[in-house]
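Keep the picture open while you read.

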Amino acid sequence: MMRVLFISNFYPPYVLGGWEQNCQEIATHLTRRGHGCHILTSDYNAIAVTTREEDVTRALYLQADIRYYRPLDFFLRRPQQEQANQRALRRALDLFRPDVVFIWGMWNLSTQVAYWAEQWMPGKVAYAIANYWLIEPDVHAAYWQGRARRPWIAALMAPARWLALRTLAKERATYPLALEHAACVSEYVRRKLTEAGALLHGGRVIYNGIDPRAFVVAAERRPQRDGSLHLIYTGGLLTHKGVHTAIEALGLLRRGGEVEGVSLTLVGDGHPDYETFLRQRVTELGLEQQVFFLGRVPREKIPDILAEADVFLFTSVWEEPIARSVMEAMAAGLAVIGTAVGGQREMLEDGVNALVFAPEDSAKLADCIVQLKHEPDRRVALARAGQRMVLERFSLEHMVDEMEAWLQEIVG
């Protein structure tokens, strides 16, 4: 049996998306199989934890606030926080004595944490990679490489920007990652990182997965429709998620006289500025009776919420590694209309298990919605094909099997 130390930027109940939820699910399943698991995660919302967590340590500092960057913290607080992270990692290794360190979520978490894990556990560090943090600027670099909107602010910040970028470049050279063992959530992610020179040891693909049972049961309770079409989106309300495309599409349906009987529920929250923009567009387009903001809901309620809908909209603009939300929707028996971005190309097959449109193409999305509104048999066929695919290829049990075998290889 193995002892696995997970390192993740976030951990339930404080999550940004499905990837952090997956971390908990993998740890839980490995524990049930007799392995020992401990999670070292950030102190994000740690003050709100009211129950004792035997297997979770919330001690790591994130690089910055998840919504607003404070530049002074880079110079005044970051050095001490890096040292505190190093001490927290060393303490976790000494107390838990793992056989393998499993790096899970790294967005907004300093790569120095991973570097020291590699130094102190040589050859025994595994990376589960579900995004492009290896080749994209971290939150510090993204801020300091950006340009101020006003010239006088840019001039004032120039010395600080020069010093910050110089510091970051020096640290990248001082704390390189070996990434000896890496598993990507899709072939697209692996190919993109390999071509960029980030995965020198190749890596493998272990597809993300979900526990489909609650979603399948919920699908069996789906009510019969009277000609109406209930659309749903679940996920972050963030610009790169493209939720505005869905609202613009409904605006086109309203102008074309096709919005009668069509509704859209948005489940989730996100950046306050983007949420405000979405609500303004709903008002401007006269869609107050069609679009409903449900906000963030507990994970356990998602299957029942999906079961109340007919069609799931996946509107992402960026190169999504592979979306857990689409798997859940398909398992729940929904037809999917989505963008085949990034790893979604390995899931969505236009006309077979989904209808596909280009990112931000609201006109095409509107056409797809009309098709499924007037062709219920086609909607059912797409939903059945999608559910069958998820059950065969994207189950959590299959994901755990592959990860367990991979970690055992690393332990040796």
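Which residues in helix 3 meet which residues in helix 4? On the helix 3 side they are E82, N85, Q86, L89, R90 and L93, and on the helix 4 side they are Q112, V113, W116, A117 and W120. Before we go on, bear in mind that this is a predicted model.

## Helix 3 against helix 4

Let's stay with that pair for a moment. Two packed helices are described by the angle between their axes and the distance between the axes. For helix 3 (78-96) and helix 4 (residues 111-120), the angle is about 40 degrees and the axes are 10 Å apart. Roughly parallel would need an angle under 35 degrees, and roughly perpendicular would need 65 to 115, so helix 3 and helix 4 count as oblique to each other.

The crossing of helix 3 and helix 4 is right-handed. Sorted by class, the residues in this contact are six nonpolar, three polar and two charged.

## Helix 1 against helix 15

Helix 1 passes helix 15 in a right-handed crossing.

Who does the touching? From helix 1 come W19, N22, E25, I26, H29 and L30, while helix 15 brings L396, E397, M399, V400, M403, E404 and L407. By class, that contact has eight nonpolar, two polar and three charged residues.

Helix 1 also holds Q21. Is Q21 buried or exposed? Q21 has a relative accessible area of 12%, and buried means under 20%, so Q21 is buried. Leaving out neighbours within four places in sequence, the contacts of Q21 are P12, V15, R299 and R324.

## Helix 9 against helix 10

How do helix 9 and helix 10 lie relative to each other? The axes of helix 9 (residues 243-255) and helix 10 (residues 272-284) cross at roughly 5 degrees and come within 10 Å. Since angles under 35 degrees count as roughly parallel, helix 9 and helix 10 get that description.

In this pair, V243, H244, I247 and E248 of helix 9 meet Y274, F277, L278, R281 and V282 of helix 10. The contact divides into six nonpolar residues, one polar and two charged.

Now for the backbone. Most residues other than glycine have a negative phi, and most peptide bonds are trans. Here are some spots that go the other way.

The peptide bond from P12 to P13 is cis, and its omega is near 10 degrees.

R97 isn't a glycine, yet its phi is positive, near 50 degrees. R97 sits in the loop between helix 3 and strand 4 (100-105). L179 also has a positive phi, near 50 degrees, without being glycine, and its place is the loop between helix 6 (151-174) and strand 6 (181-184). How about their surroundings? R97 has a relative accessible area of 62%, and exposed means over 50%, so R97 is exposed. L179 has 5% relative accessibility, so L179 counts as buried.

## Cysteines

How many disulfides are there? The count comes to zero. Take C184: the nearest cysteine sulfur belongs to C23 and is 17 Å away, whereas a disulfide needs the sulfur atoms within 2.5 Å. C184 has 0% relative accessibility, so C184 counts as buried. C368 is buried too, with a relative accessible area of 2%.

## A last stop at I135

Finally, look for I135 in the loop between strand 5 (125-129) and helix 5 (139-145). I135 has a relative accessible area of 33%. That falls between the 20% limit for buried and the 50% limit for exposed, so I135 is partly exposed.

What does I135 touch? Not counting residues up to four places away in sequence, I135 touches K192, L193, A196 and A198. As for T265, which is 130 residues from I135 along the chain, the C-alpha atoms of the two are separated by 34 Å.

Definitions and conventions:
Residues numbered from 1 in each chain as written. Predicted model: local features only at pLDDT ≥ 70, side-chain atom pairs only at ≥ 80, totals over all residues. Heavy atoms only, no water. Helix = DSSP H or I, 4+ residues; strand = E, 2+ residues; numbered from the N terminus. Buried < 20%, exposed > 50% of the residue type's maximum accessible area, 1.4 Å probe, protein only. Axes fitted to C-alpha atoms, helices over the stretch in contact; angles between N-to-C directions. Parallel < 35°, antiparallel > 145°, perpendicular 65-115°, else oblique. Left-handed = near helix turned anticlockwise from the far one by under 90°. Contact = heavy atoms within 4.5 Å. Nonpolar A, V, L, I, M, F, W, Y, C, P; charged D, E, K, R; others polar.
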